[in-house]
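Welcome to this short tour of a protein model. Take a moment to look it over, and then let us walk through its pockets, its sheet and a few of its residues together.

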Amino acid sequence: MIRPSQKEDLPSLLSLAEDSGLFPKEQLDVLEGMLTSFFEVGEENEGFWLTDHDGNSVGVAFCEPELMTNETWNLRLIAVAPELQRSGRGAALLSHIEQLLFDRGGRLLIVDTSGTEDFESVREFYRRCGYAEESRIRDFFDDGDDKVTFTKRLDNAG
């Protein structure tokens, strides 16, 4: 069941992000700060966290509007428990986000990911979900680690 994330989800979401292998240890502290801050602000948040909860948290996503744009959103994070990857849970979570944004009047969804070989399966996931590689900034995250940006128009969602 995909639902808005709740404060009680915090420990399991951090564990999920760590177990996914997509986030270096030092980024987990940043993630914890983002989640904590999100729950402190409450209703004033423009962005949203979603949890795929099946007795335990098995998926997480965070999406927020891009500043100074007309209904462009940025998917900052999406992760699924390793044992459930390639089972359709990530695609279902992404589809849920797209429909939610479409219903809110969202126009464009962007997502940034790494250009390393380790992330080829991640980039392929976005391609399979209908995203187009829009840009690549060489050596963005580190030497040899490009930032690859994918986009999808939301006017055809759902």
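Let us begin with a pocket: β4 supplies seven residues to the lining of the largest pocket, the largest share of any element. This is a predicted model, in which local features need pLDDT of at least 70 and side-chain atom pairs count only at pLDDT 80 or more, while totals for chains, interfaces and linings use all residues. Residues are numbered from 1 along each chain as its sequence is written, and side-chain values use heavy atoms, with hydrogens and water left out.

**The largest pocket**

- A pocket here is an open set of points on a 1 Å grid over the protein atoms alone, with protein on both sides within 12 Å along at least five of seven lines; its lining residues have an atom within 4 Å of a point.
- The volume of the largest pocket is about 1200 Å³, where a volume is the space filled by probe spheres (1.4 Å probe) set on the points, and grid points are joined across faces, edges and corners.
- Which residues are closest to the centre of the largest pocket? They are L22, F23, I78, T113 and F119, out of 40 residues that line this pocket.
- At least two lining residues come from each of α2 (25–41), β4, α3 (89–103), β5 (108–114), α4 (120–128), β6 and β7 (145–153).
- By class, the lining of the largest pocket has 21 nonpolar, eleven polar and eight charged residues. Nonpolar covers Ala, Val, Leu, Ile, Met, Phe, Trp, Tyr, Cys and Pro; charged covers Asp, Glu, Lys and Arg; the others, Gly among them, are polar.

**The second largest pocket**

- The second largest pocket holds about 210 Å³ of space.
- Its lining is made of 13 residues, and N45, E46, G47, F62 and E64 lie nearest its centre.
- α2 and β3 each give at least two residues to the lining of the second largest pocket, and α2 gives the most, with four.
- Seven nonpolar, three polar and three charged residues make up the lining of the second largest pocket.

**The sheet**

- Seven strands form an open sheet with mixed pairing, in the order β1-β2-β3-β4-β5-β7-β6. Two strands pair if DSSP finds at least two bridges between them.
- β1 and β6 are the edge strands, each pairing on one side only.
- From one strand to the next, the twist averages 25°. Angles run from 0 to 180 degrees between N-to-C directions, and axes are lines fitted to C-alpha atoms, for helices over the stretch in contact.
- β1 (residues 2–4) pairs with β2 in the antiparallel sense over three bridges; in this pairing I2 stands opposite D52, and P4 stands opposite L50.
- β2 also pairs with β3 in the antiparallel sense, over six bridges, and W49 stands opposite F62 in β3.
- β2 and β3 form a hairpin with three residues between them, and G55 in the turn has a positive phi of about 90°.
- Is β2 (residues 48–53) mostly covered or mostly open? It is mostly covered, with five of its six residues buried; buried means under 20% relative accessible area, exposed over 50%, and partly exposed in between (1.4 Å probe, protein chains only).
- Helix α3 lies across β1, β2, β3, β4, β5 and β7, and runs at about 155° to β4.

**Residues to look up**

- M34 is in helix α2 and is partly exposed, at 32% relative accessibility.
- Leaving aside neighbours within four places in sequence, M34 is in contact (heavy atoms within 4.5 Å) with W49 and F62.
- M34 and F62 are 28 residues apart along the chain, and their C-alpha atoms are separated by 9.7 Å.
- M68 sits in the loop between β3 (57–65) and β4 (72–80). Its phi is near 60°, a positive value in a residue other than glycine, and M68 is exposed, with a relative accessible area of 88%.
- D139 belongs to strand β6 (residues 132–142). Its phi is near 55°, again a positive value in a residue other than glycine, and D139 is partly exposed, with a relative accessible area of 41%.
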